[in-house]
Amino acid sequence: MTGSIRMPQFPYGAVYFRKSNPPREDWERDYAAAAADGMNSFRHWFMWGAIETAPGVYDWSDYDRQLDLAARNGIVTIVAEMTTFAPLWLVSTNFFMTVIRWSNLKTG
């Protein structure tokens, strides 16, 4: 890499990427439109379960493409780590872990 990446003096952007949303076919168009509208930063959720898809197996392809599109469009990426949600493979291999789904919560 040549040079350094600096945050814009006035960051203007949005939360853009949570794995699989928005769809892959929209990314290039969205980055170009955001840059044309003056946006200079996007925050992305880097989710453990979407990156480590099985124990020791890592898939960075969607995140790599997001960072490449950001660089091409002059948009800084702010990484927000989502380590609070364990991957399903981790839960299924550890008897002491439990999955709680919001749809199972009782109200009232």
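Student: Is His44 buried or exposed?

Tutor: Buried means under 20% relative accessible area. His44 has a relative accessible area of 0%, so His44 is buried. Keep in mind that this is a predicted model.

Student: Where is His44 placed, and what is it in contact with?

Tutor: His44 sits in strand 2. Leaving aside neighbours within four places in sequence, its contacts include Tyr16, Phe17, Tyr31 and Gln66. Thr77, Ile78, Val79 and Ala80 are also among them.

Student: Which side chain makes a polar contact with the side chain of His44?

Tutor: That of Tyr31, at 2.9 Å.

Student: How many bridges join strand 1 to strand 2?

Tutor: Five, and the two strands run parallel. Phe17 stands opposite His44 of strand 2.

Student: How do I read an aromatic pair?

Tutor: A pair of aromatic rings is described by the distance of the centres and the angle of the planes. In this model the count comes to six aromatic pairs. Tyr16 and Tyr31 form one that is edge-to-face, with 5.4 Å centre to centre and 65° between the planes. Tyr16 lies in strand 1 and Tyr31 in helix 1, so the pair ties together parts 15 residues apart in sequence.

Student: Why is the pair of Tyr31 and Phe42 edge-to-face?

Tutor: Planes over 60 degrees apart count as edge-to-face. The planes of Tyr31 and Phe42 are at 70°, so this pair qualifies; the ring centres are 5.0 Å apart. Tyr31 belongs to helix 1 and Phe42 to strand 2, so parts 11 residues apart in sequence are tied together. Tyr16, Tyr31 and Phe42 form one aromatic cluster.

Student: What are the relative accessible areas of Tyr31 and Phe42?

Tutor: Tyr31 is buried at 0%. Phe42 is buried at 4%.

Student: How many residues has the largest nonpolar core?

Tutor: It has 13. Among those with the most contacts inside it are Tyr16, Tyr31, Phe42 and Tyr63. Strand 1, helix 1, strand 2, helix 2 (48-51) and helix 3 (61-72) each give two or more residues to this core.

Terms used. Residues are numbered from 1 along each chain as its sequence is written. This is a predicted model: local features need pLDDT of at least 70, side-chain atom pairs count only at pLDDT 80 or more; totals for chains, interfaces and linings use all residues. Side-chain values use heavy atoms; hydrogens and water are left out. Two strands pair if DSSP finds at least two bridges between them. Helices (H or I, at least four residues) and strands (E, at least two) are DSSP runs, numbered from the N terminus. Buried means under 20% relative accessible area, exposed over 50%, partly exposed in between (1.4 Å probe, protein chains only). A polar contact is a pair of N or O atoms within 3.5 Å; within protein, one must be able to donate a hydrogen and the other to accept it, and residues adjacent in sequence count only if both atoms are side-chain atoms. Contact means heavy atoms within 4.5 Å. A nonpolar core is a set of buried Ala, Val, Leu, Ile, Met, Phe, Trp, Tyr and Cys residues joined through side-chain atoms within 4.5 Å. Rings of Phe, Tyr and Trp (its six-membered ring) pair if their centres lie within 6.5 Å; planes under 30 degrees apart count as stacked, over 60 as edge-to-face and the rest as tilted.
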